[in-house]
Amino acid sequence: MHKSKFFKFILPIALPAAVFAIFNSVQKPLTAQTNVNHLAMGNPTNAGSSTNNLLLSKFQYATSHNCFRGTPNWVSWQLNTSWLGSAPRQDDFRADTTLPSGCYRVQGTDYTGSGFDRGHMTPSADRTNTVANNSATFFMTNIIPQAPDNNQGVWANLENYTRSLVTSSTELYVIAGSYGTGGTGSNGARNTITTPTGGTITVPARTYKVIVVLNKPNSGAGSVTTSTRVIAVDIPNTQGVRNANWRSYRISVDTLESRLTSATGTTYNFLSNVPSSVQNVIEARVDNL
């Protein structure tokens with residue numbers, strides 16, 4: 001076959017295949033993350049198959065979903081430099097079809113008009129290494145009804161500070177969630193959101209977070225010592241906290257576990273994989289940096 005005719009014939013076939021290969025490579029997670037364990041610090045509520053404590057293990061994070069509330073009890077994730085890159089924010093809020101059929105699958109539009117933001121637990125900005133990983137943060141199983149001042153103000157500032165702690169020699173494990181009933185959004189106080197399809201989503205009263213700062217990436221609970229920095233916060237899900245300093249809401253992990261256990265009737269143990277002798281020290285301490 002004449003060379004010019006060959007390229008005229010083969011290019012329409014080869015180019016789409018090449019484009020697909022490039023796009024597909026962008027979607028694939030980094031191979032260095034294949035052994036990631038988002039529950040390295042422990043499974044805070046021993047989540048499993050119960051519909052009010054349903055464990056969902058995704059490549060990007062792990063979560064305990066509460067089918068009765070329509071929100072996660074907690075979401076846990078690893079954060080190091082390998083998760084950060086230049087992938088754009090996808091904003092593709094959508095239902096999580098991995099939920100069992102008997103569990104209401106919150107839709108991406110269910111919060112519309114409620115006065116509450118679709119508040120991420122694992123932040124979009126914590127998953128920017130690939131488009132696929134960023135997109136996964138927009139499953140509604142990673143979202144809670146969050147007061148705009150909380151989500152866009154004090155909470156966002158804590159998220160930004162957390163990412164500032166990530167370096168080539170550090171790794172963080174973060175657990176975030178909410179509890180209680182009744183928050184105040186831009187349209188006033190609400191206990192629940194009734195969806196267009198008849199589903200009900202509980203509006204939480206509080207949002208919380210636990211951050212473990214490790215000085216050695218990929219070392220897990222075994223590297224946690226009595227000197228390890230642990231930050232715990234408990235913030236009201238209300239308006240009026242946009243300009244608040246997240247440091248004002250710091251408490252000990254022990255106090256947070258006690259509040260959650262009392263409010264939910266479920267025992268919380270955030271750092272169960274850490275030796276108890278170390279837990280006793282770091283969970284009693286309030287961060288002061």
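Predicted model: local features only at pLDDT ≥ 70, side-chain atom pairs only at ≥ 80, totals over all residues.
Is Trp 83 buried or exposed, and at what relative accessibility? Trp 83 has a relative accessibility of 0% and therefore counts as buried, where buried stands for under 20% relative accessible area, exposed for over 50%, and partly exposed for what lies in between (1.4 Å probe, protein chains only).

Residues are numbered from 1 along each chain as its sequence is written, and side-chain values use heavy atoms, with hydrogens and water left out.

Phe 59 and Trp 83 form a tilted pair, with 5.4 Å from centre to centre and 50° between the planes. This pair links distant parts of the chain, 24 residues apart, with Phe 59 in the loop between strand E2 (53-57) and strand E3 (62-66) and Trp 83 in the loop between strand E4 (71-79) and strand E5 (117-120). Helices (H or I, at least four residues) and strands (E, at least two) are DSSP runs, numbered from the N terminus. Whereas Trp 83 is buried, Phe 59 is partly exposed, at a relative accessible area of 24%. Elsewhere, one aromatic cluster is made up of Tyr 179, Tyr 208, Tyr 268 and Phe 270.

Another ring, that of Phe 139, has charged side chains over its face: Lys 58 lies at 4.7 Å from the ring centre, and Arg 94 lies at 4.0 Å from the ring centre. A charge sits over a ring if NZ of Lys or CZ of Arg is within 6 Å of the ring centre and within 35 degrees of the ring normal.

Turning to charged partners, a search of the whole structure finds 9 salt bridges, each being a side-chain nitrogen of Lys or Arg within 4 Å of a carboxyl oxygen of Asp or Glu. One of them joins Asp 126 to Arg 163, with the closest N and O atoms 2.7 Å apart. Because Asp 126 lies in the loop between E5 and helix H2 (131-136) and Arg 163 in helix H3 (residues 148-164), the pair ties together parts that are 37 residues apart in sequence. Both Asp 126 and Arg 163 are buried.

Asp 149 counts as buried at 13% relative accessibility, while Arg 242 is partly exposed at 31%.

A further salt bridge connects Arg 206 and Asp 234 at 3.2 Å, N to O, and because Arg 206 lies in strand E12 (residues 206-214) and Asp 234 in strand E13, parts that are 28 residues apart in sequence are tied together. Asp 234 is buried, with a relative accessible area of 2%, and salt bridges that share partners join Arg 206, Asp 234 and Arg 259 into one network.

Conventions. Phe/Tyr/Trp six-rings, centres within 6.5 Å; stacked < 30°, edge-to-face > 60°.
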